[in-house]
Amino acid sequence: MVTAVQVGKDALAPFCSLPGLSELTPQLVESHDADSSWMIREGGVLIARFSLWWKRVPQYPGQQLGLIGHYAGRDRKAAHEALRLACHELSNAGCTMAVAPMDGNTWRRYRLLTERGAEPTFFLEPDNADEWPTHFETYGFQALAQYYSAINTDLSRYASGRDLEDRLVAEGFRIRVIDPADWKNELARVWQVASQAFRGNFLYTPIEEEEFRAIYHPLLPMVRHELIFIAERAGEPVGFSFNVPDLLQARRGLPVDTVIVKSLAVLPQWAGRGLGTLLVARSMQAARASGFKRGILALMHEANPSRRIDRTLMKDFRRYTLYARTL
């Protein structure tokens, strides 16, 4: 017999026990402030889980969105039980479209990996079982947006960007390495740019600086400061490139020879001048000087200008999908 149970704070530990799109803890689930969370059981065995958001969600033209996140389903049958209930609850809450998977906003875990390719998973990349897209597709969900990761397999071929840098310097811009002795203020500068630059992103929802720091601060022991760059003009931050080594290579017993551009941003008023291109060029040059051989531009929306950077060298190798279903 299949039963559904709404989850309270006292049941978050079993809720988190089912392997899902990312590792969950009761503390993390609670901090995400979902409007409701549910577990699906069959014969007392946990077979699916999800959380729902409908009060504080992104804007979308002509629709009232509801979000399905913290998703995990043991198989297609379990998934359909979960999605049936999730869509019913969101419809009752006044939503006209369900978007999934998304853990409340795009700063957290969202999207499914839908085209794996030959490259192994890289550090901080979202991953899921290959059959999980069918959990949504066979229940009537369709692609709402596509995202891509691209790779340059030979950093020795990367252009210097010298002419571009000379022009931007003449216009008052400069790009510098982040100061590792001043992480607190440097993260504040990154936040200053990110909180404005990402507003135009698809399904953007603002968050507080405290949550932003909670996302980036745990990464600091794993980054190399010489691979992180801030662009400034008149002493004020106008862009950044936050890059990390692919530490999953080390876990596989391989040399870490790949750097990942995790986040790239330029303030809207300075977009179109080549700052993003120069930030990537400087990142790749620094990576090569530090012994890295490959570079990845990670998780770019299909319409993101980052996808146009160095297309002769950067080749798409992975695709991800965010799904939606009309209620």
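## Salt bridges overall

The count comes to 22 salt bridges. The model is predicted.

## Arg116 and Asp127

Arg116 pairs with Asp127 in a salt bridge, and the closest N and O atoms are 3.0 Å apart. Both residues lie in the loop between strand E6 (112-115) and helix H4 (132-137), so the bridge ties together parts that are 11 residues apart in sequence.

How exposed are the two partners, Arg116 and Asp127? Arg116 has 24% relative accessibility and counts as partly exposed. Asp127, at 30%, is also partly exposed.

## Arg282 and Glu165

A salt bridge joins the side chains of Arg282 and Glu165, at 3.0 Å from N to O. Arg282 sits in helix H9 (residues 275-289) and Glu165 in helix H5 (residues 162-170), so this pair ties together parts that are 117 residues apart in sequence.

Both ends are buried. Arg282 has a relative accessible area of 17%. For Glu165 the value is 13%. Each falls under the 20% cut-off, so each counts as buried.

Arg176 forms a salt bridge with Glu232, with 3.1 Å between the closest N and O atoms. The pair links distant parts of the chain, 56 residues apart. Arg176 belongs to strand E8 (residues 173-177), and Glu232 to strand E9 (residues 229-233). Both residues are buried.

Technical notes. Residues numbered from 1 in each chain as written. Predicted model: local features only at pLDDT ≥ 70, side-chain atom pairs only at ≥ 80, totals over all residues. Heavy atoms only, no water. Salt bridge = Lys/Arg side-chain N within 4 Å of Asp/Glu carboxyl O. Helix = DSSP H or I, 4+ residues; strand = E, 2+ residues; numbered from the N terminus. Buried < 20%, exposed > 50% of the residue type's maximum accessible area, 1.4 Å probe, protein only.
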